[in-house]
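The sequence and structure come first.

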Amino acid sequence: MENFFRVGVFANTHGIHGEIKVFPTTDDPKRFEWLKKVYLDTGKEKIKLEVSKVRFQKNMVLVKFQGIDNINDIEKYKGMDLLVDREDALPLDEDEYYLADIIGAEVFTEDGTSFGVLRDVLETGANLVYVVEHDGKEVLLPVIPDCVKQILVEEKKVIVDIMKGLLD
């Protein structure tokens with residue numbers, strides 16, 4: 001299972017004292033108000049940062065980190081992901097799961113035939129869409145009851161019904 005979840009992307013600096021603008025990628029941007037720490041994913045390492053101040057501006061979250069008081073100390077990380085560890089993730093309700101936990105899951109049809117591997121999840125206005133690698137191609141499966149029949153997170157399996165027209 002995934003141990004880190006992306007909650008935002010460092011979009012830009014804000015002022016000269018090390019504050020940054022974060023584009024939130026979480027369902028609840030207000031969660032930044034109670035976050036004590038985040039990890040900056042540089043691609044090579046995850047740098048732990050202590051959150052000292054949070055405020056909101058339009059669709060962005062302005063974050064100040066403890067010990068980072070100069071634009072030059074943070075500017076080089078622009079465009080990188082901000083992560084939280086699993087213990088700081090939003091709690092799940094019954095029958096909910098973290099999308100990161102099903103990426104890479106095997107996808108099977110209802111009759112048990114292997115269909116492919118779930119590679120990504122797209123968020124649309126109406127519903128989620130699973131991007132499944134099937135026979136070297138990407139197939140988009142809407143996450144609706146008629147199509148996605150069962151999600152077995154612990155087993156990393158997704159059971160689907162390939163509705164007429166999805167493979168055309």
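Strand 11 (residues 148-152) and strand 12 (residues 157-160) run antiparallel and are joined by four bridges. Strands here are DSSP runs (E, at least two residues), numbered from the N terminus, and two of them pair if DSSP finds at least two bridges between them. Gln150 has Ile159 in strand 12 as its bridge partner. The two strands form a hairpin with four residues between them, and Lys156 in the turn has a positive phi of about 50°.

## Basis of the model

The model is predicted: local features need pLDDT of at least 70 and side-chain atom pairs count only at pLDDT 80 or more, while totals for chains, interfaces and linings use all residues. Residues are numbered from 1 along each chain as its sequence is written, and side-chain values use heavy atoms, with hydrogens and water left out.

## Barrel

Six strands close into a barrel with antiparallel pairing, in the order 1-2-5-4-3-6. From one strand to the next the twist averages 50°, taken between N-to-C directions of lines fitted to C-alpha atoms, on a scale from 0 to 180 degrees. Five bridges pair strand 1 (residues 4-14) with strand 6 (residues 81-85) in the antiparallel sense; Val9 has Asp81 in strand 6 as its bridge partner.

## Largest pocket

The largest pocket has a volume of about 1,100 Å³. A pocket is an open set of points on a 1 Å grid over the protein atoms alone, where a 1.4 Å probe fits, with protein on both sides within 12 Å along at least five of seven lines; lining residues have an atom within 4 Å of a point. The volume is the space filled by probe spheres set on the points, which are joined across faces, edges and corners.

Of the 30 lining residues, Thr25, Tyr98, Leu99, Ala100 and Glu123 lie nearest the centre of the pocket. Strand 1 gives the largest share of the lining, four residues.

## Salt bridges

There are nine salt bridges, each defined as a side-chain nitrogen of Lys or Arg within 4 Å of a carboxyl oxygen of Asp or Glu. Asp88 and Lys37 form one of 3.1 Å, N to O. This pair links the loop between strand 6 and strand 7 (106-109), which holds Asp88, to strand 3 (residues 37-41), which holds Lys37, 51 residues apart. Both residues are buried (under 20% relative accessible area; exposed is over 50%, partly exposed in between, with a 1.4 Å probe and protein chains only).

Arg119 and Glu133 form another, with the closest N and O atoms 3.0 Å apart. Arg119 lies in strand 8 and Glu133 in strand 9 (residues 128-134). Arg119 is partly exposed at 44% relative accessibility, as is Glu133 at 39%.
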